[in-house]
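Me: Got a model open here and a few quick things to ask. Can we go through it together?

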Amino acid sequence: KGEPLVQIWKLKITEDGIMTAVFMAIRIITLVVISSLLTYTTSPNELTDGLERLMKPLKILKIDVHSISMTMTIIPTLIEEIDKIMSAQKSRGADMDSGGLIHRAKALVPVLIPLFISAFRRANELAYAMECRCYRGGDGRTKMKVMKFEARDYIALAAVIVFIALLISFNFIFKKVI
């Protein structure tokens with residue numbers, strides 16, 4: 001929408017389009033920074049316990065919250081495994097960064113096959129270890145460190161609520177301007 005500032009063939013660049021692009025870039029950068037900050041400063045066990053506690057109200061709907069939170073902690077392990085496999089493939093001379101989209105997709109096949117094999121092996125080992133320890137999870141499970149809300153947690157929660165309110169208000173004001 002709006003009056004085109006620059007027009008190249010069918011591509012029209014408008015002031016509204018530039019504003020939308022800037023806001024989208026800010027949103028994506030904020031998402032990456034906040035998620036990186038969370039994962040770099042919080043251990044996987046703390047993330048699992050926190051996710052489980054946050055999703056506790058879903059138990060009313062008979063959703064297995066514990067299994068979901070356990071699954072979420074496996075994702076960083078898979079990302080680390082992908083990095084190792086890609087480094088190994090690059091050291092063997094695999095070219096994954098150049099070429100077109102189809103060439104790069106074909107270059108990922110040597111990464112995906114070892115990843116699936118490693119993921120299935122790791123899942124089998126984890127299931128075996130959990131079974132040997134009679135792990136059932138969920139109800140009746142005790143925690144080594146019990147999480148409690150402290151003053152700094154309330155301050156952080158208030159800061160997040162204020163930040164989200166600011167984002168919503170900026171979005172609302174931005175929509176009104178356009």
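Me: Where does W9 lie?
Reply: W9 sits in the loop between β1 (4–8) and β2 (11–14). Strands (E, at least two residues) and helices (H or I, at least four) are DSSP runs, numbered from the N terminus. This is a predicted model: local features need pLDDT of at least 70, side-chain atom pairs count only at pLDDT 80 or more, and totals for chains, interfaces and linings use all residues. Residues are numbered from 1 along each chain as its sequence is written, and side-chain values use heavy atoms, with hydrogens and water left out.

Me: What is the phi of W9?
Reply: Positive, about 55°, although W9 is not a glycine.

Me: Is W9 buried or exposed?
Reply: W9 has a relative accessible area of 75%, so it is exposed. The cut-offs: buried is under 20% relative accessible area, exposed over 50%, partly exposed in between (1.4 Å probe, protein chains only).

Me: And K62, where is that found?
Reply: In the loop between α2 (44–54) and α3. K62 has a positive phi of about 65° and is not a glycine either. With a relative accessible area of 76%, K62 is exposed.

Me: Switching to helices. At what angle do α3 and α5 pack?
Reply: About 140°, with the axes of α3 (residues 65–91) and α5 (residues 109–132) 10 Å apart. Axes are lines fitted to C-alpha atoms, for helices over the stretch in contact, and angles run from 0 to 180 degrees between N-to-C directions.

Me: What does that make them to each other?
Reply: Oblique. Under 35 degrees is roughly parallel, over 145 roughly antiparallel, 65 to 115 roughly perpendicular, and the rest oblique.

Me: Which residues meet there?
Reply: On α3, they include M70, I74, L78, I82 and M86. On α5, V111, L115, A119 and L126 are among them. Contact means heavy atoms within 4.5 Å.

Me: How many are nonpolar, polar and charged?
Reply: The contact of α3 with α5 has 13 nonpolar, 3 polar and 2 charged residues. Ala, Val, Leu, Ile, Met, Phe, Trp, Tyr, Cys and Pro count as nonpolar, Asp, Glu, Lys and Arg as charged, and the others, Gly among them, as polar.

Me: Last topic. How many disulfides?
Reply: The count is 0. A disulfide is a pair of cysteine sulfur atoms within 2.5 Å.
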